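Me: I've got a structure I'd like to go through with you. Have a look, then let's chat about it.

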Amino acid sequence: MEKTKREYRGYLTEYQPDILEIISSTLDSNEDKERFWKYRREWDQAESCDVNYPFPINLDFELVDACNLACHHCIRRSTDYRVSGKGSKRLGLQVYKRLIDEGAEYGLPAISLGNSGEGFLENDIFEMIDYARQKKVLDIWLSTNGLLLDKEKIKELIRLKLTRISISIDATTEETYKKVRGGDFGKLMSNLHYLIEERDRQKSLLPIIRVTSIKLEHNKDELDEFVSYWSSKVETVGLQEYLELRQKRNLTADQVKPFQCSSPWKKLMIWANGDVCPCCTFAGKDLYVGNIHESSLKQIWDSEHMREIRRALVSHDYPDACLNCYAKPKADSGQ
C-alpha cells in the first residue's frame, strides 16, 4: 500500500494512500459515488473561503461531554471539564436524529462523531452510526482513544460500514503512554490489532483506520518509530502539533502571520449541551453562534453572526478564538 506524505495546516505530517478512492469503491450505487465526489470537490473548494453552500457539508458532534482518560496535555484536565462519564451532558439520540434529519433535507454527506468527548461513552453510538447511514450520510468519522473498544464493538463497526475511525495514541511504549495518557497501553494495542485483523478476516475495506500522535516533550523522540510501526498496518498515520488551550496566547491580528481557516465555510460543531460553533476545537467554543434547542442548524448557518466570522477571517481581522488556535506569531520560524 503506497503512501504519500502530506503537509497542511494544523498537522506536521500525514502518511496515507488515496483513501478517497477506497471509500468511493465501497459505495453501493453510482449516484452515491457521484455525491461523494461532489462532496469532496466542495470540501476542497471551501479552502478558498469564497463559497456559499446552503448547508454545512460536515457536522461535528460532541456526543458526550466526558472522557474516560485525563491526558496531561488535554484541556479536560482543567476544572472546567469533566473527565468521567457520570452526570455528563449528552446530546441524546432523539436530538441527534433530529439534526441528522435536518441535514438529510440538504443532502448532508459527512459527519464526525466523538469530537472532544469519548464517543464510546455514548450507549447509543451504534444506533447513531446506523441512522446516519440510513439517511444517506456517506462519510462517517468516529474519533476515540480506543480503550473502550472490544471484539463485539469492533465487529459492529465493521458491520455498520463505519467509514473512518481515528485513534489517538501518542506513544510507542507503555512507559510513554502512561506519562502522556495514563491508560492501559497493552489493552489499547490489543484492541487495535484485533480491529485490523477482524477487518481483514471480513475482507472489508472499512473502516479506514487512522492513528495519531501529538508531538509532546515525552514522545518527541518516538515519532519516527511511531510512523515506522503503524504505516504498514493502517491507512493513515498523522503527527499533530500540540495546541495549548489552557491559557490565552494574548496575540493580536497584527502580531500573527496571515492565515486562512475554512471551517466556517464547510462545517458546524454541535457540543453536547446543544451549543453550536463554526469549528471543532476547544478554542472555537468561544465562537458561539447559537444553540440547537433554540434554532435550526439552517438558521444558525445563515445567521449574521456566521457571516461576521467569515468576513473577519477573510479580512484578517481575526476573532480572539482564532488567534488562540493555530495562529503563528510573525517571529515564529517553526512549522
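This is a predicted model: local features need pLDDT of at least 70, side-chain atom pairs count only at pLDDT 80 or more; totals for chains, interfaces and linings use all residues.

Me: Ok. Where is P207 found, then?

Reply: P207 sits in the loop between α7 and β7 (208-214).

Me: What about contacts between residues 24 or more positions apart?

Reply: Those account for 70% of the contacts in the chain with a separation of 6 or more. A contact is heavy atoms within 4.5 Å.

Me: Let's do helix packing. How do α3 and α4 pack?

Reply: Helix α3 (residues 93-105) and helix α4 (residues 125-134) pack at about 15 degrees, with axes 10 Å apart. The axes are lines fitted to C-alpha atoms, for helices over the stretch in contact, and angles run from 0 to 180 degrees between N-to-C directions. α3 and α4 are therefore roughly parallel to each other. The cut-offs: under 35 degrees is roughly parallel, over 145 roughly antiparallel, 65 to 115 roughly perpendicular, and the rest oblique.

Me: Which residues meet there?

Reply: From α3, L93, Y96, K97, I100 and D101 meet E127, M128, I129, Y131 and A132 of α4. By class, that contact has seven nonpolar, no polar and three charged residues. Nonpolar covers Ala, Val, Leu, Ile, Met, Phe, Trp, Tyr, Cys and Pro, charged covers Asp, Glu, Lys and Arg, and the others, Gly among them, count as polar.

Me: Now α5 and α7: at what angle do those pack?

Reply: Helix α5 (residues 151-159) and helix α7 (residues 185-201) pack at about 40 degrees, with their axes 10 Å apart, and they are therefore oblique to each other. K151, I154, K155 and I158 of α5 make the contact with N191, Y194, L195, E198 and R199 of α7. The residues of this contact divide into four nonpolar, one polar and four charged.

Me: Switching to rings. How many aromatic pairs does the count come to?

Reply: The count is 10 aromatic pairs. Rings of Phe, Tyr and Trp (its six-membered ring) pair if their centres lie within 6.5 Å; planes under 30 degrees apart are stacked, over 60 edge-to-face, and the rest tilted. F36 and Y39 are an edge-to-face pair, 5.7 Å centre to centre with 70 degrees between the planes. F36 and Y39 are about one helical turn apart because three residues separate their positions in helix α2 (residues 30-45). Both are buried.

Me: Which residues do ring pairs link into a cluster?

Reply: F36, W37, Y39 and W43. Elsewhere, F120 and F126 form a tilted pair, 6.2 Å centre to centre and 50 degrees between the planes. F120 has 7% relative accessibility, so it counts as buried.

Me: Back to loops. Which residues does L108 touch?

Reply: Leaving out residues up to four places away in sequence, L108 touches R35, F55, P56, I57, N58, L59, I100, G103, K136 and V137. L108 is in the loop between α3 and β4 and, at 1% relative accessibility, counts as buried. L108 and V137 are 29 residues apart in sequence and 6.1 Å apart in space, C-alpha to C-alpha.

Me: What's the phi of K136?

Reply: K136 has a positive phi of about 70 degrees although it is not a glycine. K136 lies in the loop between α4 and β5 (139-144) and is partly exposed, with a relative accessible area of 47%. S116 is another residue other than glycine with positive phi, near 80 degrees, in the loop between β4 (110-113) and α4.

Notes. Residues are numbered from 1 along each chain as its sequence is written. Side-chain values use heavy atoms; hydrogens and water are left out. Helices (H or I, at least four residues) and strands (E, at least two) are DSSP runs, numbered from the N terminus. Buried means under 20% relative accessible area, exposed over 50%, partly exposed in between (1.4 Å probe, protein chains only).
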